[in-house]
Amino acid sequence: MTRIGVLTGGGDAPGMNAAIRAVVRKAVFDGLSVVGVQRGYAGLIEGDFRPLDQRSVADIIHRGGTILQTARSEEFRTPEGFAAACSRLREAGIDGLVAIGGGGTFRGALALAGAGFAVVGVPGSIDNDIPGTEYSIGFDTAVDTALDAIERLRDTAFAHSRVFLVEVMGRDTGFIALAAALAGGAEFVLVPEIAFDLGALCEGIKTSYTRGKRHSIVVVAEGAASAMELGQKVREATGLDTRVTVLGHVQRGGRPTGFDRTLASLMGAAAVDHLLQGPTGQMMAWRCGRVAPVPLAEVVAQRKEIDRTLYDLARILAI
Ligand code: F6P
């Protein structure tokens, strides 16, 4: 193996740049040349490549987003698009590929592995919904961003004795919501994995005021409910002054935490090791404090479950 490619796919996540930097510098250290693929599989189909040396990844370890940009490519899923991507890789003499992203990115990587390319995945997603790994790059930063917002909202919620519904991202999972609720001391948390009852939620909020609370923070995972719609219902049912904040894409940007930068550096370097020494067709996972390979086929076939003890503990600690 002499030349490898690196791409980022799906939603960007803080720390992806640190992963790109680690891939490039570890590869250069090992005597490989590196090609950056712009805009994920969309750029792969078009052959939108640029050479990356150790200097071209300077000063990016602390930056959110991805210098390679990213995309969700429908065309790559078509036989024509996939064939074009394979041709571009062969023409460019790219022997191995590091794909940084989430489920969609890994399904694409697995298809390339099936076509005979050496491929290794690095989990990057704020949602932390990637099976096989305890953490994906960007989750820690997104939770910190949500916490920063929750703390600001708590100040004004207390000042006005208000109920605040805070909607966080996570697609159809509640990992960000659970972590932010537990660490942010939220009164309630709604996640898609656990059904909730509107009447019970409203009763719970009212009861918390009679227990002496002067405000209430409800963290709502976007997959559980629309906080905007729910806020209206809570206002009507409780008669309490209620406000809603949808955090949205602020959770996707910003400087990655130290943890995300470390995770990205370890995983990026390990990905290059696996391209060189095998086995490939693996995702670099974080398990029990170290990087470990997990077959991409297993990753895409499973669904990651939330830890319900976190949900229960968040409720207990909110009494
Ligand atoms: O997967 C990351 C994520 O930010 C999800 O939390 C969210 O549901 C989705 O991407 C938003 O996608 P887009 O940036 O395309 O609006």
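This is a predicted model: local features need pLDDT of at least 70, side-chain atom pairs count only at pLDDT 80 or more; totals for chains, interfaces and linings use all residues.
Tyr-135, Phe-139, Phe-259 and Trp-286 form one aromatic cluster.

**Aromatic pairs**

- A pair of aromatic rings is described by two quantities, the distance of the centres and the angle of the planes.
- The structure contains 5 aromatic pairs.
- One of them joins Tyr-41 and Phe-76, whose ring centres are 4.1 Å apart and whose planes meet at 5°, so the pair is stacked.
- Tyr-41 belongs to helix H2 (residues 40-46), whereas Phe-76 lies in the loop between strand S3 (49-52) and helix H3 (79-91); the pair therefore ties together parts that are 35 residues apart in sequence.
- Tyr-41 and Phe-76 are both buried.
- Phe-259 and Trp-286 make an edge-to-face pair, with 6.4 Å from centre to centre and 90° between the planes.
- Because Phe-259 is located in helix H9 and Trp-286 in strand S10 (residues 282-287), this pair ties together parts that are 27 residues apart in sequence.
- Phe-259 has a relative accessibility of 31% and so counts as partly exposed.
- Trp-286, with a relative accessibility of 12%, counts as buried, because buried means under 20%.

**A charge over a ring**

- The ring of Phe-175 has the charged end of Lys-304 sitting over it, at 5.2 Å from the ring centre.

**Packing of helices H1 and H9**

- Helix H9 (residues 258-277), which holds Phe-259, packs against helix H1 (residues 16-29) at an angle of about 40°, and the two axes are 7 Å apart.
- H1 and H9 cross in a right-handed manner.
- On the H1 side, the contact is made by Ala-18, Ala-19, Ala-22, Val-23, Lys-26 and Ala-27.
- On the H9 side, the contact is made by Arg-261, Ala-264, Ser-265, Gly-268, Ala-269, Val-272 and Asp-273.
- Sorted by class, the residues in the contact of H1 with H9 are 8 nonpolar, 2 polar and 3 charged.

- Gly-31 is found in the loop between H1 and strand S2 (33-37).
- The relative accessible area of Gly-31 is 61%, so this residue is exposed, the cut-off being over 50%.
- Gly-31 is 30 residues from Met-1 in sequence, and their C-alpha atoms are 9.7 Å apart in space.

Definitions and conventions: Residues are numbered from 1 along each chain as its sequence is written. Side-chain values use heavy atoms; hydrogens and water are left out. Axes are lines fitted to C-alpha atoms, for helices over the stretch in contact, and angles run from 0 to 180 degrees between N-to-C directions. Helices (H or I, at least four residues) and strands (E, at least two) are DSSP runs, numbered from the N terminus. A crossing is left-handed if the near helix is turned anticlockwise from the far one by less than a right angle, and right-handed if clockwise. Contact means heavy atoms within 4.5 Å. Ala, Val, Leu, Ile, Met, Phe, Trp, Tyr, Cys and Pro count as nonpolar, Asp, Glu, Lys and Arg as charged, and the others, Gly among them, as polar. Rings of Phe, Tyr and Trp (its six-membered ring) pair if their centres lie within 6.5 Å; planes under 30 degrees apart count as stacked, over 60 as edge-to-face and the rest as tilted. Buried means under 20% relative accessible area, exposed over 50%, partly exposed in between (1.4 Å probe, protein chains only). A charge sits over a ring if NZ of Lys or CZ of Arg is within 6 Å of the ring centre and within 35 degrees of the ring normal.
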